[in-house]
Amino acid sequence: MGRTGCTRIQCRVLTCPRSETTNPFMTILARLEQWKEQGAISPAQHARLASLSRGEPFSLFLELNVLLYAGVLAFVAGLGWTVTTWSQQLGNVVVLATLSIVLAASYWYCFSRASAWSSAETPAPNPILDYVLYLGSLVWCVELAYLENQLHVLSGQWDLYLLATAVLFFLLAYRFDNRFVLSLALSSLAGWFGLTISHWPSHQDAAYRQYALVYCLLVGAGGVLLQRRGLKPHFFGTYLNIVANILFWAVLSGVFEREDYGLWILALLIACGASLAWGLTRRQFAFVAYAAVYGYVGVSSLLLRSVNDTTAVLTYFVFTGEAMLVGLIVIARRFGRSE
Amino acid sequence: MRAYSASSEVALRARKLLKEWAGEAFLTQEQYQRLEQETVSELRTTNIFLRLVLLLFTLIIVGAAAGLFFVVFLSRPSEQTVGAFLLIGTAVCYAAAEVAVSQFHLYRYGIEEALVICSVGFLCGGMEAAFFSGQYSPLPNGAQFLVPAAGAVISLWIWHRFGVWYAFPAAMIFALFLPGYWTSSHSAQHVIVAVGYSIGLIFVAAVRSHHRYDYLEDAYSLIEAFLWLGIYLAINLKLSSLDMPGRWWWGGGTRAPSEFARPFYWTTWVLIWCLPPVVLVRGIRLKDRFVIAVGSIVAILTFISNKPYLGWQRHTWDPMLLGILLTGVALFIRRWLARGAGGIRYGFTAARLSGKDKQWMNASSAVLGLIPQPSTSSPPTRSPDFRFGGGASGGGGASSDF
């Protein structure tokens, strides 16, 4: 099949490399041939780009990584399920020893194979190190959960486990330059914040909201500080996206309140403005999308909360939707053309 | 027949590749700027985030405008009246999409996509309300199959005309409902769907051979992958017993094996083992990423559904074995390929050749990271928000540009 395809393409390229106006179906291979003949690209470039376009060689990099990721997730899921189901039959010693061996082996592998630490982006020395580290991190979670559930080492102080886990994962993420583990660290830290509030006698939504803001402040400031210090500055985008989403959710929950929502509306507008400005200046259009969607939801909820007339509500959506559409088209035409 | 001229789409594809190659330093900046001039297209595109937001707001506008029309101009309309106006709305939305493309040259811009999505929704809702209101029955009954049939036809047309990839799986889903109107036999329903998809696959395989390396190759590759996946799902009778939303698929939820005749049941078991290697071999021969992906997915689904098929007991360590198998296969293939001359064997390599692969990895890991992390027991009752091991959203691996 491949040989037949190549022959057909080669015939087309060699016999009739016409311009796109005469040959609308001109393939990229024909176009490359044309560029080579025009001297726009060198023969070496032509050979390389043509082989890339034909998939020669065909890279299985993506597929193999997905298989590894799925394999690690399936393994840890089975491990957790088995430990939960068979803990009484196996006994604590066997379970903890097994988990510890897997954990130690994973981390030993990572520390023994890792290249020297650098504050800049560092590619993994081999393709599986990232997944072994991810495996170790997930097994750490399983082991801690088992320890607390069976032995009650910290007498139910789950938040301390989460805090310790977050600290460990941050260290590992920065040591091995691993975004998977960084995400685990950030979500563990978020879990610690949430769990700390749940210990309070009268925890309410307002408390969660305030702590979400503190979380955003802490993580955002930490991200900025680390980026300014040049410590894995490529992680900054991960921090920023997580902070932006949590911040918008927290502020929106304040806007949805029936009372004392004035400050939250102001905060929402400021956050939207900042997100929009950041997205446009840095060409990170996810932030433009956040500003548009979260801002529209918040402002609409405020304007429509006392409106009961269906016609008015629908009219509102028609006109404000059109206004948003026009604004976004202007942005798209001026800033967001490139894919 | 397509809304866009071939030359425009070819130019867009070439421009996209040029940008990718310049990003990988295969081209100098000067070369990129010069060659970019030769790939000018009149089509207006935008990035994925603005595309999604534009789609969302267009859906809001169309939905609200339709609602407003009914509220203002029709008081207590009959279902037939609503249906008739929805059918008019279908024509309006479709015409607006055509105008957006022909006059404003919108290409994957969100707006025209929302309009065609609305036209499909209005058509099905309109037909149901105008012709079949109050007549729904899950049993086979006359002409009601025309609703999903019309949905399938218009989705196929939209896929062909506008080239939006998700219109094709939408057509496949509409087609899934058709056999339920023709026969009450679940076996026959499975067979009809599988045969229908197979016919589509044969047609697509024949057509795509004429589009090797051209701008339509990716589109045909994707729909072939969808068709393989559809055929597999149609013949795997056990997927609904794996907590799959059976109602979505066959309208009846989990089904007992006794519901199917033994020869049919065991034939499907044989087929779910035969199909993955067939799909994988075809994907590898064509060097088709989507077909290879579907081949891998259906192979994993076969492993997962084999025990329920045979009536064997599941074990808690089954996922561990699956994980070891997947990891082992990945490592074996990687090492086998790496030992070839230049890290290449039979035209395949495990090395990363394109920055696009890394982007795909980041996106995939972000999605997969949403899978809840394991815990060995329920958290304490006084901490309902607890998610052990990083909560429900670990392992994102989000990229700096998201």
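This is a predicted model: local features need pLDDT of at least 70, side-chain atom pairs count only at pLDDT 80 or more; totals for chains, interfaces and linings use all residues.
In which order do the 3 strands of the open sheet lie? The order is 1(A)-2(B)-1(B), and the pairing is mixed.

**The open sheet**

- Strand 1 (58-59) of chain A and strand 1 (344-345) of chain B stand at the edges of the sheet.
- Each of these two edge strands has a single partner strand, so one side of each is left without a neighbour in the sheet.
- Strand 1 of chain B runs antiparallel to strand 2 (residues 348-349) of chain B, and 2 bridges join them.
- Arg345(B) has Phe348(B), in strand 2 of chain B, as its bridge partner.
- In general, strands of a sheet pair through backbone hydrogen bonds, either parallel or antiparallel.

**A helix pair in chain B**

- Helix 1 (residues 6-23) of chain B packs against helix 2 (residues 29-36) of chain B at an angle of about 175°, and their axes are 10 Å apart.
- Angles over 145 degrees count as roughly antiparallel, and helix 1 and helix 2 of chain B are therefore roughly antiparallel to each other.
- Helix 1 of chain B contributes Arg15(B), Leu18(B) and Ala22(B) to the contact, while helix 2 of chain B contributes Gln29(B), Tyr32(B), Leu35(B) and Glu36(B).

**The largest nonpolar core**

- The largest nonpolar core holds 188 residues, of which Val76(A), Val142(A), Val181(A) and Leu328(A) touch the most other members.
- Helix 4 (residues 61-90) of chain A gives the most to this core, providing 15 residues.
- Domain 1 (2-53) and domain 2 (62-203) of chain A each supply at least three residues to this core.

Terms used: Residues are numbered from 1 along each chain as its sequence is written. Chains are lettered from A and ligands numbered from 1 in the order in which they are written. A nonpolar core is a set of buried Ala, Val, Leu, Ile, Met, Phe, Trp, Tyr and Cys residues joined through C-beta atoms within 7 Å. A residue is buried if 20 or more other C-beta atoms lie within 10 Å of its own, exposed if 12 or fewer, and partly exposed in between; C-beta atoms are placed from the backbone. Helices (H or I, at least four residues) and strands (E, at least two) are DSSP runs, numbered from the N terminus. Domain bounds come from an automatic or database domain assignment. Two strands pair if DSSP finds at least two bridges between them. Axes are lines fitted to C-alpha atoms, for helices over the stretch in contact, and angles run from 0 to 180 degrees between N-to-C directions. Angles under 35 degrees count as roughly parallel, over 145 as roughly antiparallel, 65 to 115 as roughly perpendicular and the rest as oblique. Two residues are in contact if their C-beta atoms, placed from the backbone, lie within 7 Å.
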